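Subject: Structure handover

Hello,

Here is the structure I promised to pass on. My notes follow below it.

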Amino acid sequence: MNSSDVNFSLLQSQPNVPAEFFWPEKDVAPSEGDLDLPIIDLSGFLNGNEAETQLAAKAVKKACMAHGTFLVVNHGFKSGLAEKALEISSLFFGLSKDEKLRAYRIPGNISGYTAGHSQRFSSNLPWNETLTLAFKKGPPHVVEDFLTSRLGNHRQEIGQVFQEFCDAMNGLVMDLMELLGISMGLKDRTYYRRFFEDGSGIFRCNYYPPCKQPEKALGVGPHNDPTAITVLLQDDVVGLEVFAAGSWQTVRPRPGALVVNVGDTFMALSNGNYRSCYHRAVVNKEKVRRSLVFFSCPREDKIIVPPPELVEGEEASRKYPDFTWAQLQKFTQSGYRVDNTTLHNFSSWLVSNSDKKST
Ligand SMILES: O=C(O)CCC(=O)C(=O)O
Ligand SMILES: [Fe+2]
């Protein structure tokens, strides 16, 4: 199967889901309830209120050390922007297959449309369609330019809205980086903000069609985002689940809230103090579900080093070797599925490779 073969409108009308979409039993084990998550009000921090900033930072630290996920409200987005971006994603995924395929992801590229991710895998396929867009703070407006060049000027609005949404997401990531620095009690609270100033982003729109056998399939299989931090907007349909305290738990959608997840790169930047969040998205029989996800990435060639005060004493207390985002990205794109062992395996691979080089 390749991207043009997976046609969810056709699959949905069939009584059974093809076996390629089935996942192992351990991966589809049902959720055991709602995850108790802090809802962090960012308004005090964004307005420079120090007492409220410290309260928010404390809650962030607790959540990041436990499972690596928390919710934020009053995040400063222009009113209506989140809703508009969700609407535009429905507009895109509602286009004809032929029109969506104009934005087809060329193998080896980040940006583009896929269905069932079948360009890379042929079993355990995810029950979703995705539109992924590489982001870099502009000008140029890379998100808008990519979409308009592929879909044509008559679809300009799609690119414009996603561009505005990505700019807002990127601004929020910078603020969150500072809050994360504060939460660790760093002397230089802007360490992470500065680290990511010349970074980039990956924006992904996920569209999960209803599925006749939701107990066997998954929208996105269990994984850790290899990137730094992820900011996620989900619509009002339940689907995101996080593995915490030994079981899958639901991250219930809350009006106005965004989900923040720690990824592998940030886990390394925190010297292992903050946990990369292990998560998945489940599907259901009745409703379409949409999520808009912004992954933050450091500049490709920048060495991932935690701030000095997180490395007590000597280099020996470093949990992970030096690496760059380009190296980790390459490792995760070589057909390897990203899960909660990725960072560990990647580190061992790096160390054994550098041993080989030095002998
Ligand atoms: O749709 C969701 O809630 C999760 C999506 C996700 O984890 C991803 O795109 O990496
Ligand atoms: Fe994810």
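Start with serine 111. Leaving aside neighbours within four places in sequence, serine 111 is in contact (heavy atoms within 4.5 Å) with Arg105, Ile106, Thr132, Leu133, Ala134 and Phe146. Serine 111 sits in the loop between α5 (97–100) and β3 (112–115). Helices (H or I, at least four residues) and strands (E, at least two) are DSSP runs, numbered from the N terminus. Serine 111 has a relative accessible area of 13%, so it is buried. Buried means under 20% relative accessible area, exposed over 50%, and partly exposed in between (1.4 Å probe, protein chains only). A polar atom of the serine 111 side chain lies 2.9 Å from the backbone nitrogen of alanine 134.

Before the rest, the ground rules. This is a predicted model: local features need pLDDT of at least 70, side-chain atom pairs count only at pLDDT 80 or more, and totals for chains, interfaces and linings use all residues. Residues are numbered from 1 along each chain as its sequence is written, chains are lettered from A and ligands numbered from 1 in the order in which they are written, and side-chain values use heavy atoms, with hydrogens and water left out.

**Iron site**

The iron ion is ligand 2, and its protein donors are His223 (NE2), Asp225 (OD) and His279 (NE2), at 2.1 to 2.3 Å. Donors are N, O and S atoms within 2.8 Å of the metal (3.2 Å for Na, K and Ca); water is not among the atoms, so sites may look incomplete. The donor spacing in sequence is H-x1-D-x53-H. Aspartate 225 lies in the loop between β6 and β7 and histidine 279 in strand β11, so the pair ties together parts 54 residues apart in sequence. Both aspartate 225 and histidine 279 are buried.

**Ligand 1**

Which residues are around ligand 1? They are Asn206, Tyr208, His223, Asp225, Leu232, Leu240, His279, Ala281, Arg289, Ser291, Val293 and Phe295. A residue is near a molecule or strand if one of its heavy atoms lies within 4 Å of it. This shell divides into six nonpolar, four polar and two charged residues. Here Ala, Val, Leu, Ile, Met, Phe, Trp, Tyr, Cys and Pro count as nonpolar, Asp, Glu, Lys and Arg as charged, and the others, Gly among them, as polar.

Now the polar distances. A polar side-chain atom of serine 291 is 2.7 Å from an oxygen atom of ligand 1. For arginine 289, a side-chain N or O atom is 2.8 Å from a ligand 1 oxygen. For aspartate 225, the corresponding distance is 3.3 Å. The protein covers 98% of the 290 Å² of accessible area that ligand 1 has on its own (Shrake-Rupley method, 1.4 Å probe; for residues, only the protein chains shown count as cover). Elements giving two or more residues to the shell are β5 (200–208), β11 (278–281) and β12 (289–297). β12 gives the most, with four.

Threonine 227 lies in the loop between β6 (220–224) and β7 (229–234). At 3% relative accessibility, threonine 227 counts as buried. Its contacts beyond four places in sequence include Phe295 and Trp325.

Glutamate 129 lies in strand β4 (residues 129–135). Glutamate 129 counts as buried, at 5% relative accessibility. Its side chain makes a polar contact with the side chain of tyrosine 113 (2.6 Å). A polar contact is a pair of N or O atoms within 3.5 Å; within protein, one must be able to donate a hydrogen and the other to accept it, and residues adjacent in sequence count only if both atoms are side-chain atoms.

Best wishes
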